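Please read this report alongside the sequence and the three-dimensional model.

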Amino acid sequence: MNIVQEKSPKSAEMKSVATGAAASDEKNKHLSELVGEDLKKALIGTWQLVSYQVELQETGEFIDAMGQTPRGRVIFTPDNWVAFNLEGSNRTPAETVDDHLALLNTLVAYIGRYRIEGNQWVTTVETAWAPQWVGTEQRRTVTVDGEFASVITPWRKMPNWGGGKMSRSIIRFRRAH
């Protein structure tokens, strides 16, 4: 079940980061300097999912699409592979066909080769939970701040949520140890 949240200070902060309004902040200015090979070096390793929100373009509302306690990992290798597996909160084994279908709405998973372009990683998807993603390029804007990485997707129609409307994901990871 998707939960629509009112804009809270946390959401407003995320929106500020998402829109780039915070880029003038001195700290974020420093973060934006991580590009190219420096960004790649900062990303290599395993990252644990902290939060996953979705902003609906039409209304500006934020959906806690993966629930309050999502789990997952993204792994970047030095030889340009990325494995991305994220799950929503409170997933339980499916008992019916409808249960199986509902589980797909709380999963994002893909693997592919990645490259860095400026402050973005671009994945050429080789396998994915959503077949329409196979063979596509998935572009993500990312900033790394010590143990944390913040990721923003472009506006798109996500197969899992948003009812076919334009949305973007705002994701936070912590380096896994």
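## Basis of the description

This is a predicted model, in which local features need pLDDT of at least 70 and side-chain atom pairs count only at pLDDT 80 or more, while totals for chains, interfaces and linings use all residues. Residues are numbered from 1 along each chain as its sequence is written, and side-chain values use heavy atoms, with hydrogens and water left out.

## The chain as a whole

The protein chain has four helices and 11 strands, where helices (H or I, at least four residues) and strands (E, at least two) are DSSP runs numbered from the N terminus. Of its 177 residues, 40% count as buried, that is, under 20% relative accessible area with a 1.4 Å probe and protein chains only.

Among contacts (heavy atoms within 4.5 Å) between residues at least 6 apart in sequence, 54% join residues at least 24 apart.

## Strand β2 and its partners

Strand β2 (residues 45–56) pairs in the antiparallel sense with strand β4 (residues 71–76) over four bridges, pairing being assigned if DSSP finds at least two bridges between two strands.

## Enclosed space

The whole structure holds two cavities of 30 Å³ or more; a cavity is a set of points, on a 1 Å grid over the protein atoms alone, where a 1.4 Å probe fits but cannot get out, and lining residues have an atom within 4 Å of a point. Grid points are joined across faces, edges and corners, and a volume is the space filled by probe spheres set on the points. The largest cavity has about 40 Å³ of space, and its lining includes Tyr52, Trp133, Arg140 and Arg156.

The second largest cavity has about 30 Å³ of space and is lined by Leu43, Trp47, Val74, Phe76, Trp121, Ala149, Val151 and Phe173. Strands β4 and β9 (148–152) are the elements that give two or more residues to this lining.

Key
Buried < 20%, exposed > 50% of the residue type's maximum accessible area, 1.4 Å probe, protein only. 1 Å grid on protein atoms, 1.4 Å probe; cavity = no way out; pocket = protein on both sides within 12 Å on 5 of 7 lines; lining within 4 Å.
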